[in-house]
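User: Please pick one part of this structure and take a close look at it. I would like one connected account of its surroundings.

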Amino acid sequence: HHGALVASLAGDVAATVAIYGFSLGANNSCVFDAYWVLSPLPLVGYWLSLCRPRPTPRALTAAVLGTTWSLRYLSIEDPSSKVDHEDWRYAETRAMVGRGYWLVSLVSFHLTPALIVFLAATPLYPLLSGQPGPLTINGPPALVFATGAAASAA
């Protein structure tokens, strides 16, 4: 029953590697910055599509909160600005590491944040998909909603 979780992880890693390719093409690791914030959206959509016979109100609430959390980034920052400007931390790392920079970028600036976001999203899997999962979000619905809303507003 964890096949969908494994497939989700594989898709997330594949998308991260594709974004890494765009980062290489732009010669700028900042290209990834918009992706890691928006990457939960396909996970939420896919996991919600697995729910049979239909998503519960709690699952739909979690989907709305997860989507709101991701999309709030677009109201804060223009993702296209990441292509023209490289964050000073990436430039500093590039200067320190030299020729090995793109390997460091792949592991530290692309894959690691993608895996952290994926792992942080996994408690949504059983709730959205209706399938058993490794972690489950439990607690009073009002507390879960308030926590999600506060995270989206931050």
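Analyst: **A close look at helix α2**

The axes of α2 and α3 approach within 5 Å and cross at roughly 30°. Angles under 35 degrees count as roughly parallel. α2 and α3 are therefore roughly parallel to each other. All of this is read from a predicted model.

Start with the α3 side. α2 brings Trp36, Val37 and Leu38 to the contact, and α3 brings Pro40, Leu41 and Pro42. The make-up is simple: 6 nonpolar residues, no polar and no charged.

Now the α1 side. Here the axes of α1 and α2 come within 9 Å, and they cross at roughly 160°. Angles over 145 degrees count as roughly antiparallel. So α1 and α2 are roughly antiparallel to each other. The crossing of α1 past α2 is right-handed. On α1, the contact residues are Asp12, Ala15, Thr16, Ile19, Phe22, Ser23 and Ala26; on α2, they are Val31, Phe32 and Tyr35. This contact between α1 and α2 holds 7 nonpolar residues, 2 polar and 1 charged.

How enclosed is α2 itself? The buried ones are Val31, Phe32, Asp33, Ala34, Tyr35 and Val37. In soluble globular proteins, nonpolar side chains tend to be buried together.

Asparagine 27 sits between α1 (3-26) and α2. Its phi is positive, about 55°, and it is not a glycine. Most residues other than glycine have a negative phi. Asparagine 27 is partly exposed, at a relative accessible area of 45%.

Beyond α3 comes another backbone feature. The loop between α3 (40-49) and α4 (57-76) contains proline 53. A cis peptide bond links arginine 52 to proline 53, with omega about 5°. Most peptide bonds are trans.

Last, the wider packing. The largest nonpolar core has 15 residues, and Trp47, Leu124 and Leu128 touch the most other members. Elements giving two or more residues to this core are α1, α3, α4, α7 (101-121) and α8 (124-129).

To recap: α2 is roughly parallel to α3 and roughly antiparallel to α1.

Conventions: Residues numbered from 1 in each chain as written. Predicted model: local features only at pLDDT ≥ 70, side-chain atom pairs only at ≥ 80, totals over all residues. Heavy atoms only, no water. Buried < 20%, exposed > 50% of the residue type's maximum accessible area, 1.4 Å probe, protein only. Helix = DSSP H or I, 4+ residues; strand = E, 2+ residues; numbered from the N terminus. Axes fitted to C-alpha atoms, helices over the stretch in contact; angles between N-to-C directions. Parallel < 35°, antiparallel > 145°, perpendicular 65-115°, else oblique. Left-handed = near helix turned anticlockwise from the far one by under 90°. Contact = heavy atoms within 4.5 Å. Nonpolar A, V, L, I, M, F, W, Y, C, P; charged D, E, K, R; others polar. Core = buried A, V, L, I, M, F, W, Y, C linked by side-chain atoms within 4.5 Å.
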